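Here's a quick briefing to read alongside the model. Have the sequence and the 3D view open as you go.

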Amino acid sequence: MTTPSTRYAQFKLVLLGESAVGKSSLVHRFVKDSFDEYRESTIGAAFLTQTVNVDENTTVKFEIWDTAGQERYKSLAPMYYRNANCAVVVYDITQAASLDRAKAWVKELQRQANESIVIALAGNKLDLESDREVDTSVAQSYADEAGLLFYETSAKSGENVLELFTGIAKKLPIDAAASRHRPVPKGVDLSKPSPSSGSGACNC
């Protein structure tokens, strides 16, 4: 019986969105499964890592750059989303203007980031449903039109946070990026050249 290979892939992920939409809270819920009601604003960007299991044989590691949302840090954003494999653009479902800002970030990513970048739109603060200003259908329609993944999340309760990052992982080119770890059959050492290789021999 063949032992299935274990695939491991690593991807750069950036979070974007205006200040106070809950980007850092989302990341900390995902990475540390914790929530701080009074988290201070990010300065510049914060770096964290976390893994998700896409299936029983595949693990994806995210290198996460959580960017600051304040306008004075906007010029730094390209430094973080450059060469990113995926992005989460976050808005606050209780603030309609934050969705407009999120749309601007999506346009910037589609124009300047890696052309194959996977973008997810996350409507955060689902626990504040009674204060909602952005209808789910409106955001979903925009996400479909722009070719984005779409989730509504709550960093406070944890709702849909793991689903968000797992959904992104499933859209990434894991086959192309994965390193595979499987036993090498006896008698075959791929690290050594063929005994027959010599001048003019093709060792391909």
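Let's start with Gly 123, which sits in strand β5; strands (E, at least two residues) and helices (H or I, at least four) are DSSP runs, numbered from the N terminus. Gly 123 has 0% relative accessibility, so it counts as buried, where buried means under 20% relative accessible area, exposed means over 50%, and partly exposed is in between (1.4 Å probe, protein chains only). This is a predicted model, so local features need pLDDT of at least 70 and side-chain atom pairs count only at pLDDT 80 or more, while totals for chains, interfaces and linings use all residues. Residues are numbered from 1 along each chain as its sequence is written, and side-chain values use heavy atoms, with hydrogens and water left out.

**Around Gly 123**
- Leaving out residues up to four places away in sequence, Gly 123 touches Tyr 91, Ile 93, Tyr 151, Glu 152 and Thr 153; contact here means heavy atoms within 4.5 Å.
- Val 21 is 102 residues from Gly 123 in sequence, yet their C-alpha atoms are 8.7 Å apart in space.

**The chain overall**
- There are 6 helices and 7 strands, and from the N terminus they run β-α-β-β-α-β-α-β-α-β-α-α-β.
- Of the 204 residues in the chain, 44% are buried.
- Among contacts with a separation of 6 or more, 72% are between residues 24 or more positions apart.

**Helix α4**
- Which residues of α4 (residues 136-146) are buried? They are Ala 139, Tyr 142 and Ala 143.
- Looking down the axis of α4, these buried residues fall within an arc of 100°, so they line one face of the helix; the arc is taken from the directions from the helix axis to the C-beta atoms.
- Ser 137, Asp 144 and Glu 145 are exposed on the other side of α4.
- The buried residues of α4 pack against β4 (86-92), α3 (96-112), β5 (118-124) and β6 (149-152).
- Just after α4 comes Gly 147, with a positive phi of about 75°.

**Nonpolar cores**
- The largest nonpolar core has 30 residues, and Leu 13, Val 60, Phe 62, Val 88, Phe 165 and Ile 168 touch the most other members; such a core is a set of buried Ala, Val, Leu, Ile, Met, Phe, Trp, Tyr and Cys residues joined through side-chain atoms within 4.5 Å.
- Elements giving two or more residues to this core are β1 (6-16), α1 (23-32), β2 (45-55), β3 (58-67), β4, β5 and α5 (161-171).
- Helix α5 supplies the largest share of this core, 5 residues.
- Another core, of 26 residues, lies apart from it and includes Val 14, Ala 84, Ala 87 and Val 106.

**How α1 meets α5**
- The axes of α1 and α5 come within 9 Å and cross at roughly 85°; axes are lines fitted to C-alpha atoms over the stretch in contact, and angles run from 0 to 180 degrees between N-to-C directions.
- The two helices, α1 and α5, are therefore roughly perpendicular, a label for angles of 65 to 115 degrees.
- Leu 26, Arg 29 and Phe 30 of α1 make the contact with Val 161, Leu 162 and Phe 165 of α5.

- Most residues other than glycine have a negative phi.
- Asn 83, in the loop between α2 (77-81) and β4, has a positive phi near 65° and is exposed, with a relative accessible area of 59%.
- Lys 125, in the loop between β5 and α4, has a positive phi near 75° and is partly exposed at 22% relative accessible area.

How values were computed:
Parallel < 35°, antiparallel > 145°, perpendicular 65-115°, else oblique.
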